[in-house]
Amino acid sequence: MIGKLNHVAIAVPDLKAGTAVYRDTLGARVSAPADMPEHGVTTVFVELPNTKIELLHPLGENSPIAKFLEKNPNGGIHHVCYEVEDINVAAKRMTDEGARVLGDIKIGAHNKPVLFLHPKDFCGTLVELEQA
Ligand code: CO
């Protein structure tokens, strides 16, 4: 069912420093920071030839990544995002398979429908599915 790896999201405690690592040390093309208040994050996109890395930094109170950074003060991989053809079909399949879908289908950072899956059901990794 899952298709391409759309992105890997990395939570960072210092967005400027994280951006510099990818831009200057690793020599990648990076975007300007973009505030996404409805998602509680500021994002920098790292463009790779075959996928993207998204650097996530908390924005505002109640950021969904604040707790993760408390537990991982140096930052770390927050989730991986796989593409699916139809988010509703994917959601039903996950429920039928007994996997826990976290919350409802939402519009994600790329203006496409997404859902999140519980890490305990997916090898310890938070999984995002995005309708491509
Ligand atoms: Co994501």
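Trainee: Is aspartate 24 buried or exposed?

Mentor: Good place to begin! This is a predicted model, in which local features need pLDDT of at least 70, side-chain atom pairs count only at pLDDT 80 or more, and totals for chains, interfaces and linings use all residues. Residues are numbered from 1 along each chain as its sequence is written, and side-chain values use heavy atoms, with hydrogens and water left out. Buried means under 20% relative accessible area, exposed over 50%, and partly exposed in between (1.4 Å probe, protein chains only), so with 51% relative accessibility aspartate 24 counts as exposed.

Trainee: Which residue does aspartate 24 meet in a salt bridge?

Mentor: A salt bridge needs a side-chain nitrogen of Lys or Arg within 4 Å of a carboxyl oxygen of Asp or Glu. Here the N to O distance is 2.8 Å.

Trainee: How many salt bridges does a search of the whole structure find?

Mentor: Lysine 92 and aspartate 96 form another, with their closest N and O atoms 2.6 Å apart. Aspartate 121 also forms one, with arginine 100. The search of the whole structure finds three.

Trainee: What separates lysine 92 and aspartate 96 in helix H3?

Mentor: Helices (H or I, at least four residues) and strands (E, at least two) are DSSP runs, numbered from the N terminus. Lysine 92 is exposed at 52%, and aspartate 96 is exposed at 55%. Because they sit four residues apart in helix H3 (residues 87–96), what separates them is about one helical turn.

Trainee: How many residues apart are aspartate 121 and arginine 100?

Mentor: In this salt bridge, the closest N and O atoms are 2.8 Å apart. The pair links distant parts of the chain, with aspartate 121 in the loop between strand E8 (113–117) and E9, and arginine 100 in the loop between H3 and strand E7 (101–107).

Trainee: Which side chain of opposite charge is nearest to glutamate 130?

Mentor: Glutamate 130, in strand E9 (residues 127–131), is buried yet has no salt bridge. For charge, Lys and Arg count as positive and Asp and Glu as negative, while His and the chain ends are not counted. The nearest side chain of opposite charge is 4.6 Å away, and it belongs to lysine 112.
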